Amino acid sequence: MADILDLFPEYVLTGKLDELRAREYGYLDEQGHTYVDYTGAGLPARRQYHAHKARLEGATFGNPHSMNPTSHSATVLVEKTRERVLSYLNASPDEYQVIFTPNATGAAKLVGEAYSFRKSSRLVLTSDNHNSVVGLREFAGRAGAHTNYVPIQQPSLRIATSAVTKALPRRKRFSLGKVSPGRRGLFAYPAQSNFSGVRHPLGWVSLAQERGYDVLLDAAAYLPTCALDLSTVQPDFVIISWYKVFGFPTGVGCLVARHDAMARLKRPYFAGGTVEAATIGVPWHKLSTGPSAYEDGTSNFLSIPDVHVGLDWLSGIGMELIGTRVRCLTGYFLARLSSLEHTNGAPMARIYGPTDLESRGGTVTFNFLDNTGKVVDERLVATESAAAGISLRTGCFCNPGAGEAAFSLSKKRISSIVRAKPTTFAEVWDLSGLPTGGAIRVSFGISSTARDVEYIIAFATKTYLDRTTNTEGLPERTAC
């Protein structure tokens with residue numbers, strides 16, 4: 001098999017990242033890790049840890065909800081980080097604001113619970129969505145709004161723009177030719193699938209807005225290897241988890257939202273830090289203005305400034321360089337994985353989603369096949385890859401729609417499972433009739449190298465070539 005430079009000669013241009021791997025991410029080799037779960041979480045550079053330590057040793061920070069010196073010090077750094085986030089996304093502060101949340105899930109929930117769903121409005125979701133976005137249907141349902149799903153194509157796991165257009169019909173017009181007023185609902189989709197790595201068109205944002213919909217863009221899987229320019233693509237809401245982008249800090253995400261979109265939200269709750277005043281004798285409260293109206297309680301003020309450090313770190317390297325490295329490694333892995341065969345000529349892997357590099361990121365989902373053509377149970381792969389020092393992901397990755405499409409789980413079969421009222425995931429799996437309970441996901445990032453690809457392929461060959469597998473002794477399935 002050709003090496004990576006034969007297939008992707010531009011890989012040589014990313015040599016700077018090999019230097020950073022040795023210096024800033026050297027703990028991987030020192031500890032014997034092959035890390036390929038960057039869609040699950042990014043990895044931090046050593047200098048990010050050092051910056052955190054130096055900041056805490058060099059000053060004292062207190063709860064931002066005050067005017068005392070330590071509070072002021074914390075507030076200044078938090079506000080500078082808001083500005084840095086907007087700058088990184090090329091978003092004008094006149095149009096967008098940054099609300100810090102625990103993660104992308106927290107950002108999605110803020111929108112869902114405060115969005116003005118009503119019986120006449122619609123929630124439109126692509127079937128390829130993380131559960132944190134799929135869960136918005138619960139808020140819509142409580143308000144009597146209907147949820148529609150845009151179907152996934154098989155086997156590419158892509159979504160046709162024509163299907164999106166069909167799911168977002170144009171506004172009805174009155175007899176005088178005027179467009180009916182008000183927002184029609186919310187359209188939510190991922191810029192990049194956390195299941196297949198497919199990058200869905202950013203052009204859907206304006207398409208939906210022109211048809212009267214607010215747009216929530218899930219950028220959690222997209223931002224680690226690609227830039228998002230909010231001066232050209234202008235969703236109403238963007239949800240982000242920063243640990244997925246650069247590994248540290250955990251527990252900090254954000255909602256980046258248009259001012260006009262936030263003005264349409266109605267919070268069903270207030271908390272410490274979110275109100276200017278509240279009374280008990282007569283139940284009344286006045287929400288704060290701006291981001292603080294949505295940041296419940298005390299923010300993670302000791303960690304939020306690390307987002308500023310992480311963004312400076314990425315900017316110094318260059319997202320284009322990171323994107324080139326990840327694209328080369330993804331193509332190399334797809335080529336090597338596709339070429340694996342048992343001695344009898346049968347393939348050793350089944351890939352879900354695109355096998356080329358067109359409009360896709362650095363996430364590859366697949367199953368190994370044994371020499372009888374049977375899917376190797378993902379629990380067995382999880383156990384044996386871990387023993388080999390490989391950190392990959394197995395399961396369905398909190399993306400039920402993409403999983404149903406990948407495994408050809410029909411609506412009829414799903415309906416029969418629901419009617420059976422299973423109480424455990426093991427029962428769900430038994431009723432599904434699927435050969436295994438999930439897939440394997442490998443994803444590349446800033447510190448990945450060709451050696452990582454070669455090690456995984458060597459592991460697969462050594463472990464599964466010409467092998468007949470079974471499920472004897474594997475633990476019970478507890479979740480997908």
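Student: To start, where is alanine 388 found?

Tutor: Alanine 388 lies in the loop between helix H15 (378-387) and strand S13 (390-391). Helices (H or I, at least four residues) and strands (E, at least two) are DSSP runs, numbered from the N terminus. Keep in mind that this is a predicted model: local features need pLDDT of at least 70, side-chain atom pairs count only at pLDDT 80 or more, and totals for chains, interfaces and linings use all residues. Residues are numbered from 1 along each chain as its sequence is written, and side-chain values use heavy atoms, with hydrogens and water left out.

Student: Which residues does alanine 388 touch?

Tutor: Tyr455 and Phe459, not counting residues up to four places away in sequence. Contact here means heavy atoms within 4.5 Å.

Student: And what is its relative accessibility?

Tutor: Alanine 388 has 21% and counts as partly exposed. Buried means under 20% relative accessible area, exposed over 50%, and partly exposed in between (1.4 Å probe, protein chains only).

Student: How many Å apart in space are alanine 388 and alanine 167?

Tutor: They are 46 Å apart, C-alpha to C-alpha, and 221 residues apart in sequence.

Student: Let's zoom out. How many helices and strands does the protein chain have?

Tutor: There are 19 helices and 15 strands. The radius of gyration is 24 Å, close to the 23 Å that the globule rule gives for 480 residues, so the chain is as compact as a globular protein of that length. That radius is taken over C-alpha atoms, and the rule is 2.2 Å times the number of residues to the power 0.38. Along its principal axes, the C-alpha trace spans about 75 × 60 × 45 Å.

Student: What percentage of the residues count as buried?

Tutor: 53% of the 480 residues. Also, among contacts between residues at least 6 apart in sequence, 72% join residues at least 24 apart.

Student: Which residues touch the most other members in the largest nonpolar core?

Tutor: Of its 111 residues, those are Leu89, Phe187, Trp242, Val256 and Phe333. Helix H14 (residues 319-339) gives the most to this core, with 10 residues. A second, separate core of 28 residues includes Ala114, Ile239, Leu255 and Ala293. A nonpolar core is a set of buried Ala, Val, Leu, Ile, Met, Phe, Trp, Tyr and Cys residues joined through side-chain atoms within 4.5 Å.

Student: What does valine 256 touch?

Tutor: Among its contacts are Val85, Leu86, Leu89, Tyr96, Leu230, Phe237 and Ile240, leaving aside residues up to four places away in sequence.

Student: New topic! Which peptide bond to proline 155 is it, cis or trans?

Tutor: The bond from glutamine 154 to proline 155 is cis, with omega near 0°. Proline 155 is in the loop between strand S4 (146-150) and helix H9 (161-167). The bond from phenylalanine 248 to proline 249 is cis too, with omega near 10°. Proline 249 sits in the loop between helix H11 (242-246) and strand S8 (253-258).

Student: What about phi for cysteine 398, positive or negative?

Tutor: Positive, at about 55°, although cysteine 398 is not a glycine. Most residues other than glycine have a negative phi, and most peptide bonds are trans. Cysteine 398 is in the loop between strand S14 (393-395) and helix H16 (400-406).

Student: And serine 408, is that buried or exposed?

Tutor: Serine 408 counts as exposed, at 55% relative accessibility. Its phi is positive as well, near 55°.
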